[in-house]
Amino acid sequence: MLNMNYLEMHISHTCNLACRFCSHYCDIGYTGIIPYEQGSEWITAWSKRLQPSTFRLLGGEPLLNPELDKYLELSTSCFPDSGRWVVTNGLLLRKIERLFPLFIKTSTKISLSIHPMSQAQERILNDAMVLLHQWKMRGLGFAIQSSGNTWTKKYHGEGPNILPYEDGDPDASWALCTEKICVTISDGRLYPCPPLAYLPLIADKLKNRDVWQPYLSYTPLEANYSDEDLSRFLQGSTHGFCAMCPSKGAKAVALEGHIPPNTFEELELYYEKELHYLPDAKSHRRKLRKMAVNCWEAGDYAAAVGCYISALWHKLL
């Protein structure tokens, strides 16, 4: 058994967003759900070889997988000592609320990765954030990350016309890489990063496939490789395939869509607008607490949590 920092796996290639310049290529249009029967074989096989500090299920959008509950239980069984996460854009959280007790039972946390989206989607996400805070009181763990603020292009062009950077300095590409820690299980095999892992899934869509051939020919590790091979792989170092990515400080790119609020202060402004109160003085303390209790007892959980968070951030509780 070899220790490692981080391991991740798609349980859904399909995504309900299509963010431009996705490093997993979801915007180029490959789809598919990883059936539990297949995915469980991959996870089980690698759990006998690797012990990650963190294990994450993601996509695509993992909440689209109807067998998510089975994956939660399997991940707990295979990686009991790992920090376990499900990474989601949050738009389907309300629909899988029935699984929250299982998240708590298995100590699996939710990583809410906020992406650019429409105003209608923002309203759905704000509702999801309220839902998460309601369940936090019952033991659900979660974290919020705004992915859109640091989005960078891993390739030239867009869509089927993308091209590798190949700017002649793979060592610099490795040093600059933000995904070199993201060791990935794909098709049962181990890849050093998501861009390399999911490139074969869009190979037939690439109009410049010949240019990508050196990277498509990468040989991933099988679960039956020796400990020596795995150890060498996990040490991490520059490889020729690193040339596919930028080496000269890829700049954050502007993405279409609105980046929804991802801090309590910004979320609070949303509550103030929707609930029509301005908790700006200590005299509101008792009123807010009473409102929170009344709303909770009446089943209006969104309003209750809104009151609570607003009061908390104004140091009224």
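This is a predicted model: local features need pLDDT of at least 70, side-chain atom pairs count only at pLDDT 80 or more; totals for chains, interfaces and linings use all residues.

How many residues does helix α4 have, and how far does α4 reach from its first C-alpha to its last?

1. Helix α4. Helix α4 has 18 residues and reaches 26 Å from its first C-alpha to its last. That reach is close to the 26 Å expected at 1.5 Å a residue. The helix covers residues 119-136 and lies across β4 and β5, running at about 155° to β4. Its buried residues are E122, L125, N126, A128, M129, V130, L131, L132, H133, Q134 and W135. As background, an α-helix has 3.6 residues a turn, so residues three or four places apart point the same way.

2. Overall composition. The protein comprises eleven helices and seven strands. Of its 317 residues, 48% are buried.

3. Seven strands form an open sheet in the order β5-β4-β3-β2-β1-β6-β7, and the pairing is mixed. Strands β5 (142-146) and β7 (189-191) stand at the edges; each has a single partner strand, so one side of each is left without a neighbour in the sheet. On average, neighbouring strands are turned by 30° against each other, direction ignored. Helix α2 (residues 68-78) packs on this sheet and touches β1, β2, β3 and β4. The direction of α2 makes about 155° with that of β3.

4. Two examples of pairing. Strands β1 and β2 pair in the parallel sense over nine bridges. Within this pair, L2 has L50 of β2 as its bridge partner, and H10 stands opposite L58 in β2. By contrast, β6 (residues 184-186) and β7 pair in the antiparallel sense over three bridges. Here the bridge partner of I185 is L190 in β7.

5. Burial of β1 and β2. Is β1 mostly covered or mostly exposed? Nine of the eleven residues of β1 are buried, and the strand is mostly covered. In β2, eight of the ten residues are buried, so this strand is largely enclosed by the rest of the structure.

6. In soluble globular proteins, nonpolar side chains tend to be buried together. In this model the largest nonpolar core has 74 residues, of which Y25, F100, F103 and L190 touch the most other members. Helix α4 gives the most to this core, with six residues. For F103, leaving aside neighbours within four places in sequence, the contacts are L68, L72, V86, I96, T108, K109, I110 and L140.

7. H13 lies in the loop between β1 and α1 (36-47). Its relative accessibility is 12%, and H13 therefore counts as buried, the cut-off being under 20%. The side chain of H13 makes a polar contact of 3.0 Å with the side chain of H10. Not counting residues up to four places away in sequence, H13 touches C26, Y30, T31, G32, I34, G60, Y198 and L201.

8. Y30. Which residues does Y30 touch, not counting those up to four places away in sequence? They are H10, H13, H24, Y25, Y198, L201, I202 and K205. Y30 is placed in the loop between β1 and α1, and at 6% relative accessibility Y30 counts as buried. A polar atom of the Y30 side chain lies 2.6 Å from the backbone oxygen of H24. The C-alpha atoms of Y30 and I202 are separated by 6.5 Å, although these residues are 172 residues apart along the chain.

9. Two positive phi values. F21 is a residue other than glycine, and its phi is positive, near 65°. F21 lies in the loop between β1 and α1 and counts as buried at 6% relative accessibility. D187 also is not a glycine, and has a positive phi of about 55°. D187 is found in the loop between β6 and β7 and, at 48% relative accessibility, counts as partly exposed.

How values were computed:
Residues are numbered from 1 along each chain as its sequence is written. Side-chain values use heavy atoms; hydrogens and water are left out. Two strands pair if DSSP finds at least two bridges between them. Helices (H or I, at least four residues) and strands (E, at least two) are DSSP runs, numbered from the N terminus. Axes are lines fitted to C-alpha atoms, for helices over the stretch in contact, and angles run from 0 to 180 degrees between N-to-C directions. Contact means heavy atoms within 4.5 Å. The expected span of a helix is 1.5 Å times one less than its number of residues. Buried means under 20% relative accessible area, exposed over 50%, partly exposed in between (1.4 Å probe, protein chains only). A polar contact is a pair of N or O atoms within 3.5 Å; within protein, one must be able to donate a hydrogen and the other to accept it, and residues adjacent in sequence count only if both atoms are side-chain atoms. A nonpolar core is a set of buried Ala, Val, Leu, Ile, Met, Phe, Trp, Tyr and Cys residues joined through side-chain atoms within 4.5 Å.
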